[in-house]
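User: I would like to learn how to read strand pairing and helix packing in a model. Please go through it feature by feature.

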Amino acid sequence: MSGSDVSTGRPAAPKSSPRWHAHLGAVPIIVVFFALIGVYIGFAPEVFLRWPIYNSFLVTIPPMLVLSLGLTLVVAAGEIDLSFPAVIALSGFLFAFCADKLHLPWLGLAAALGGGALVGVINGWLVAALGIPSIIITIGTSFFWSGVATVLSGGLSYALNDLTGTVIARVFSGTLLGVPVEALWAVAVAVLIWAILNRHRFGEHLLFIGDSREVARVVGINTVRERVRLFTLMGALAGFASFLMTVANLSYFSTQGQGLLLSALAAVFIGGSSVFGGSATVVGSFFGAMIIGMLDAGIVATGVSGFWVEVIVGLVFVAAVVLHTGLGDPARVKALQRRLMQRE
Amino acid sequence: MGSPGYPIAESRGGTPEGHAALHSDWSDIVRAEKLCVEFGKVRALDNIDLAIGRNEIVGLIGDNGAGKSTLIKALTGVVRPSSGRLYIRDEPVDLYNYSVRRAHSLKFETVYQEKSLGEKQPLWRNFFVGRQIVNRFGFINVREQRRIANEILQRQLGFRGVGIDADSTVAKLSGGERQGIAIGRAMHFDSDLIILDEPTTALAISEVQKVLDFVRSIKRSGRAAIYIEHNLAHVHALADRLVVLDRGRIVANIRPGEMTLEDLTRFLIDLQHGTPATGGHA
């Protein structure tokens, strides 16, 4: 567009409309992703030019990916959910209990999803109906539900080796044409979340709520109901992530979600979703999760000490958020420049 | 029988041109009776009696905190009145079930100052949000929304060739353009009552002119409007009637012909200084 056809009277050709604009948000992250793979291959070709490392990524990344996808919607609505590690503890226990003690793994799946959704409903209600900021209330519910999981499990872990070879294990943790199925499930969830955010009425409502709750109310969006739904969906997705993890490991332990809090959130913001709400990119979160999930192995394989992993994640996170904020809002950069100039 | 088919009591409105179902027999698009709104112990609106004719442009004026915004929020379902009655097209409204969505379906549309568009969202979303074109699973027909949005932009609003299309985000628009989008949205959904909340505040003079033209087009198309405005010159020139609010009450009903701009200004200043208002003027 760039206004080249001003006053020629020619109707603006719809084909020239900048639809790629909408997807531009995810382009830098995709470039970074492939550049990183290039770096890994450069430093450790014997590892990164072979399939097994990618195969293990496709097993380890999906749970975090599912979490990041759910969080993308949460962030789009200008909210945050810090309670998903607790859901992972709780839902994992519910599944493990049903599978191990009751020998009803499918009921366990339903319980994992339902338990997560229940946590989500309560979060959503506290946030939307009572108006408590989500960053505060989900800290509280996180303590509560991980405590409940510990109490219920008695702090014990479950070995679920009996599931080996069962239908549920093959459907959610086998391989299909050589590809780990959990990766396919994660991709399916990604497509679903993309469609919800970009094509569904619900996703649009979340974007407007994140943009401005006042505007959302004025245009007739039920901001309470939609946010309760949002947190419910997030809870169910965390339950699903927990289930995938438990089935893949064939074991449950009550601390299994704890390492994921920061990395799943980092994936979303590295991916380019706005920290202020109102704009979010599912494609960005997808590649953000892959980058985070591969960083550990990648850094170690390149010969740098594993101690550096978190330093690098931190750097990437801050750099990415600063860049995305600058790209998304040039006015903010100008204001910063002006302030720096005045200093001198 | 002379001139059959004409509405008998077309007293308030001007001359509707084709819109607003002439055959139906309502006379007021909205009418409030003894409407009160309370926020905790504060009574924001006190026994409001107000009727808006079907093709009437009513200017709503009053000081900050006089209750102008609360009044339009009550009329459009954003705020629930604590007591009183509301009639839409002469039909009583169940206040308990009244909502923005319900007001939309009754063809009411509000253009809030700075607050009716999602900044980061493209125009095709902003035109349809709350009333999306969806299939039965709730998925939006983006292609259709985009097409209609572009059509409104070019045909109705004359945004052709200014580098704005359905994919532009609101953040890129000037203040006048934003008001234009919001008014264009109201017209597209065939609203019978368009409510404008200080649409010209903080706009450049050339932009103000655009907005006033948009408001005139509301009148021409046979619709009604409630127009909240700080700048008395703007309302005085446009409105069929001026309603003055002060501390939650209606203190005057004025036709611009009855009062010059100077008289009106003096009247409002006196009001501010606490001179007892004489109530329903003239």
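User: How many bridges join strand 1 of chain B to strand 4 of chain B?

Analyst: Strands of a sheet pair through backbone hydrogen bonds, either parallel or antiparallel. Two strands count as paired if DSSP finds at least two bridges between them; strands (E, at least two residues) and helices (H or I, at least four) are DSSP runs, numbered from the N terminus. Here strand 1 of chain B and strand 4 (residues 83–88) of chain B run antiparallel and are joined by five bridges. Within strand 4 of chain B, Ser83(B) is the bridge partner of Cys36(B). This is a predicted model, in which local features need pLDDT of at least 70, side-chain atom pairs count only at pLDDT 80 or more, and totals for chains, interfaces and linings use all residues. Residues are numbered from 1 along each chain as its sequence is written, while chains are lettered from A and ligands numbered from 1 in the order in which they are written.

User: What is the strand order of the open sheet in chain B?

Analyst: The order is 2-1-4-5, four strands with antiparallel pairing. Strand 2 (42–53) and strand 5 (91–92) of chain B are at the edges with a single partner strand each, so one side of each has no neighbour in the sheet.

User: Which residue stands opposite Val30(B) in strand 2 of chain B?

Analyst: That residue is Ile52(B). Strand 1 (residues 28–39) of chain B pairs with strand 2 of chain B over eight bridges, in the antiparallel sense.

User: Which residue takes a positive phi in the hairpin of strand 4 and strand 5 of chain B?

Analyst: Arg89(B) does, with phi near 50°; two residues lie between the strands of this hairpin. Strand 4 of chain B is joined to strand 5 of chain B by two bridges, and Tyr87(B) has Pro92(B) as its bridge partner in strand 5 of chain B.

User: At what angle do helix 4 and helix 14 of chain A pack?

Analyst: Axes are lines fitted to C-alpha atoms, for helices over the stretch in contact, and angles run from 0 to 180 degrees between N-to-C directions. Helix 4 (residues 51–76) and helix 14 (residues 282–301) of chain A pack at about 135°, their axes 8 Å apart. The two helices of chain A, helix 4 and helix 14, are therefore oblique to each other (under 35 degrees is roughly parallel, over 145 roughly antiparallel, 65 to 115 roughly perpendicular, and the rest oblique).
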